[in-house]
Amino acid sequence: MHASGRNTFLCAAVLIALCASNADAGLTTAAPHDLLRLALGYVLDTDQAASVSTWDYTSAVVTDALWVIAAVYPDLNTSTSVLNKIMDGFISTKGAVAYNVLNGITMPFDGEVGDHIGLYPISYVARARYYSPNGRYDNSTDLKIATAVADQYVIAFPDRLSDGTFSRSNGSTVWCDDSFMGLTLISWLAPLLNKRSYIDTAAEMELTFATHLANPDGAYSHGDFYSQGQHSCCKCGRANGWIMMAHVEVLTGLLAFPGHPLQQQVVQVFQTHAAGIRKLQSPSGLWHEVLDVPDTFLETSCSGMFIWSFIRGVQGGWLDRDTFDPVIRLGYSGIASTVNANGTISGIVAGTGIGPNVSFYENRPTSFTGPGLGSVLKAILAYDSY
């Protein structure tokens, strides 16, 4: 049987079993393992390999999720050979980012700190984490790639405000997205390399991002038109999701540096943002494309970002369990309802720049993959440990 045919058969078989056990609930009460089995059948289908095959932020988050899924669920480990082929290909292919940094070939800075260069190396850190415990894996090349990108294309990224915050368009605009795109890699590497300067930068910038983007209700504007002195129109769901996950990544990195003077301030930023987002959850468990405009569609990937962040926040002691437990459980139910019988996940909005009005966001297309797929997989996996 063709690989895609086997995946379809497996997905259908799992769905039949789930529905037989609870016909009324559908997939909303399905176990994380079963949802991931469905989703992986689609993600790893030969026709859908684009989700993990490019050096960009979309592939970075999906690839990270797949390495962790393979570690947690050995029976679902159908991805590692695919990931190794892709990642090793970046190392051996002339002109690829990994090849360039390993061979001292300088590349021009991209217009965004992480979209096309600075985030993807978390995939190599994730691979090192997956293999290193068995004691038979030399992670030096993976960490060399990650460190070179961190030093040369994240720490040295030139488009910044006067306070050091990553920006775009020659310091004219700050995006929520760039907190995650720019700060995740250095937050991961700081404990691994015991590099205090990385986590200092991440913590300082997490605070300045909040200063530029937060609103009184706790939700963040998609962007700050710094040069004009005003926020963008709308509180985009996924933009808020990116920076919510960045809070968690920075706080996790800070754990390796007890007593860091900025730790409590970052915790406070996370708590305030989470409190604001919690209040905007819809009765379905999902959040809207524009968070405070209920007429906009329910968007799956930002919901996954929030649920993953809230789970990690509760587990880390940064968020109150009694307050966030019902939010997490309702959110998981909402996310589960978006997983279809063929393994697709509905309602993931396409890549979205900073728009001029609500209509811009409402009219963005949705698909089954897109930039938010990895965060949905991560949320489902995180719920299994909650």
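The largest cavity has a volume of about 30 Å³, a volume being the space filled by probe spheres set on grid points that are joined across faces, edges and corners. A cavity is a set of points, on a 1 Å grid over the protein atoms alone, where a 1.4 Å probe fits but cannot get out, and lining residues have an atom within 4 Å of a point. The model is predicted, with local features requiring pLDDT of at least 70 and side-chain atom pairs pLDDT 80 or more, whereas totals for chains, interfaces and linings use all residues. Residues are numbered from 1 along each chain as its sequence is written, and side-chain values use heavy atoms, without hydrogens and water.

A search of the whole structure finds one cavity of 30 Å³ or more. The lining of the largest cavity consists of Val 61, Asp 64, Ile 122, Phe 180, Trp 188, Glu 249 and Lys 378. Four of these lining residues are nonpolar, none is polar and three are charged. At least two lining residues come from each of helix 3 (57–72) and helix 9 (177–193), helices being DSSP runs (H or I, at least four residues) numbered from the N terminus.

The axes of helix 9 and helix 10 (residues 196–213) come within 8 Å and cross at roughly 150°, where axes are lines fitted to C-alpha atoms over the stretch in contact and angles run from 0 to 180 degrees between N-to-C directions. Helix 9 and helix 10 are therefore roughly antiparallel, a description applied to angles over 145 degrees.

Note on methods. 1 Å grid on protein atoms, 1.4 Å probe; cavity = no way out; pocket = protein on both sides within 12 Å on 5 of 7 lines; lining within 4 Å. Nonpolar A, V, L, I, M, F, W, Y, C, P; charged D, E, K, R; others polar. Parallel < 35°, antiparallel > 145°, perpendicular 65-115°, else oblique.
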